[in-house]
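The notes are grouped by topic and can be read beside the coordinates.

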Amino acid sequence: MQKISLSCLIIIACFLIGLNFIFFPQNILSWDVFGYYLYLPMTFINDNLGLQDTNILRSILDQYHNSSTLYQAYQTETGSWVLRYPMGMAILYSPFFFMGHLLAGFTGFARDGFSQPYQTAILCAGIFYSITGYYFLRKILLHYFSDLVTGITLCMLYFGTNYFMHCSFVGTNAMSHNYLFTLYAILIWLTIQWHKNFSLKTLVLLAIVSGLTIAARPSEMVCLFVPLLWGIGSTYSIKEKLWLFCKQYRDQTIAFFVILFVIGMPQLLYWKIITGKFLFNSYGDNAGEGFEFAHPFIFEVLLSFRKGWLIYTPLMIFALLGLILMVKKRKEFSYPVLVYFVINFYIVASWSCWWYAESFGQRALIQSYALMSIPLAFFVSTIIENKNQVLRRCLFILFSLFIILNVFQTWQYLNGVIHSSRMTKEAYFSVFGKRDTPADFEKMLLMDRNGGPVIIDGSEYEKTVEIVEEFENAGSGVADPHYSGAHSLKMDSVTIYSPAIEKAYKEITDKDHAKLKVSMWLYSTGRITDNPGSLVITFEHNKFAYGYSASDSEKLTIEPGKWTEISVNYLTPIVRNRKDKLKVYYWHRGKGAVYIDRLKVEVWTPKK
């Protein structure tokens with residue numbers, strides 16, 4: 001009996017259970033989790049998987065306040081609604097959903113999928129999956145390392161990384177990260193077992209786990225590198241491994257991919273039924289986010305004070321050092337870990353919203369900890385075996401300090417001392433080791449983009465660019481009436497859109513944001529409500545708009561027969577690519593004629 005690692009596992013399980021119930025979430029089925037989960041109540045309770053009746057969703061939102069907007073679903077061009085997130089998480093939730101449904105029937109709560117029994121069931125689901133993940137992780141580490149090394153590594157991963165935050169507090173355990181961590185731990189264990197006995201039963205289980213991993217998040221297809229590359233560099237060469245899969249166990253390989261296809265089929269059928277396509281990009285309406293494989297945010301993901309992995313989870317430096325040592329000394333599992341980590345890290349760093357919204361540290365890397373625990377344990381083992389006692393003691397003191405730092409920074413995050421998405425270097429060091437924020441903390445943070453009026457303060461911003469369109473050469477230009485120059489632009493049922501002012505973001509500023517003052521002069525011969533229009537400001541990525549804003553003329557006071565200035569302030573969005581274009585134009589939505597002149601964009605950038 002390996003008592004040390006077993007004791008560590010029990011301690012971690014107690015913390016998982018205790019913290020989740022002590023910090024019981026107000027509504028665990030909210031925000032992204034709401035989107036993962038919707039498949040279940042919409043299918044088994046409301047018979048509304050196609051979201052034909054959006055009033056059902058609206059009533060749920062009104063009652064339970066799961067989200068401020070319905071961003072979890074996407075309305076296609078045909079008018080149909082499709083759930084944005086894949087259904088893998090719903091599959092993993094489903095046993096607990098049915099238990100919650102049964103419990104709601106016995107206790108008299110509403111059987112609507114969102115009342116208290118369902119909330120508690122999903123919280124318990126996260127606890128169950130997290131403990132299961134650590135159970136299998138212990139088995140993996142004991143397969144290669146001593147009981148002591150295994151116990152130390154388990155505690156380091158739980159208490160010393162952002163996994164601690166994302167599986168233990170206020171409902172974060174319902175997110176995908178700890179579920180995927182567990183699936184990876186099971187996948188690694190089954191990979192080890194299959195390479196020992198080449199059992200068809202083991203391979204079937206491995207295929208099911210791999211399929212669920214990909215169903216939960218399609219980018220996790222990178223998990224297939226683990227069984228594919230396991231043993232290369234020691235037991236097998238690449239040529240021998242390919243022969244193993246393609247020749248010796250060809251039938252098992254075929255069965256593996258058939259099972260993957262069967263698990264993925266419900267998602268494909270769902271997309272086909274709702275959208276008419278087997279493959280569908282459910283993020284298609286959000287041009288502001290997506291993969292930027294040509295311009296990955298590698299430094300930012302690693303070392304930025306906003307969300308840098310090694311800034312907020314410095315303990316994983318030792319996993320990276322262990323990986324380097326493993327490549328030299330333990331090749332039987334170094335190559336799959338190395339290839340997986342490099343490719344997975346590149347995918348994570350290529351997402352344009354590389355800080356992954358409101359979270360503590362780099363949450364998108366948490367599932368990789370199941371595999372990275374092996375080099376971490378290898379590093380710990382190397383230190384324990386080292387005969388230099390001074391070095392050994394110094395490193396274990398450093399381990400302890402990093403664990404204490406992680407626990408304390410988790411407390412800071414939960415209490416708002418560390419901001420969930422807007423940290424800077426200045427803000428980080430202003431609260432380092434402190435329980436409160438300084439008086440000027442808000443000014444140290446990145447720009448708040450949560451709405452509200454855009455105010456241009458001349459003491460903090462300076463005008464750096466001015467772009468003016470006088471419409472002197474426009475095809476619909478007329479001499480009278482005109483506000484400036486010799487011509488104005490006549491807008492009517494033929495000329496709906498004015499020529500646009502267009503500039504790439506990199507041409508207007510090198511800062512992380514700018515504030516724009518956009519103005520235009522409008523002349524209407526009659527009531528503007530009869531010929532409405534909009535002054536439009538937007539950014540474009542691959543001809544798709546994001547950061548869209550429109551100032552509607554019919555909502556303003558426009559006096560007929562008189563030139564009136566329309567002016568609006570605009571905060572630039574977080575641009576996906578610095579080559580993305582700003583577009584400013586007037587959209588005429590009436591059938592009669594109006595005239596516009598002197599469209600102007602002033603760019604104000606921060607002085608600091």
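Predicted model: local features only at pLDDT ≥ 70, side-chain atom pairs only at ≥ 80, totals over all residues.

Strand β8 and strand β11 (residues 581-588) run antiparallel and are joined by 8 bridges. Within this pairing, Val536 has Tyr585 of β11 as its bridge partner.

**Sheet**

- The sheet is open and holds 4 strands, in the order β6-β11-β8-β9, with antiparallel pairing.
- Its edge strands are β6 (501-504) and β9, each of which pairs on one side only.
- On average, neighbouring strands of this sheet are turned by 20° against each other, with direction ignored.
- Strands of a sheet pair through backbone hydrogen bonds, in a parallel or an antiparallel manner.

- β8 spans residues 533-541 and β9 spans residues 544-552; the two run antiparallel, with 7 bridges between them.
- His541 has Phe544 in β9 as its bridge partner.
- The hairpin has 2 residues between the strands, and Asn542 takes a positive phi near 50° there.
- β8 therefore has bridges to two strands, as DSSP bridges define pairing: 8 of them go to β11 and 7 go to β9.

**Second largest pocket**

- The volume of the second largest pocket is about 250 Å³.
- Its lining consists of 14 residues, and those nearest the pocket centre are Leu224, Leu228, Phe245, Phe256 and Phe257.
- Four helices, α10 (200-216), α11 (225-229), α12 (238-248) and α13 (250-275), each contribute at least two residues to this lining.
- By class, the lining residues are 13 nonpolar and 1 polar, with no charged residues.

**Largest cavity**

- Rolling a probe the size of a water molecule over the atoms shows where empty space is left.
- How many cavities of 30 Å³ or more does a search of the whole structure find? The search finds 1.
- The largest cavity holds about 30 Å³ of space.
- Its lining is made up of Arg306, Lys307, Tyr312, Ser359, Phe360, Gly361, Ile418 and His419.
- These lining residues divide by class into 3 nonpolar, 3 polar and 2 charged.
- Arg306 and Lys307 are the charged members of the lining, because Lys and Arg count as charged.

Terms used. Residues numbered from 1 in each chain as written. Heavy atoms only, no water. 1 Å grid on protein atoms, 1.4 Å probe; cavity = no way out; pocket = protein on both sides within 12 Å on 5 of 7 lines; lining within 4 Å. Points joined across faces, edges and corners; volume = space filled by probe spheres on them. Axes fitted to C-alpha atoms, helices over the stretch in contact; angles between N-to-C directions.
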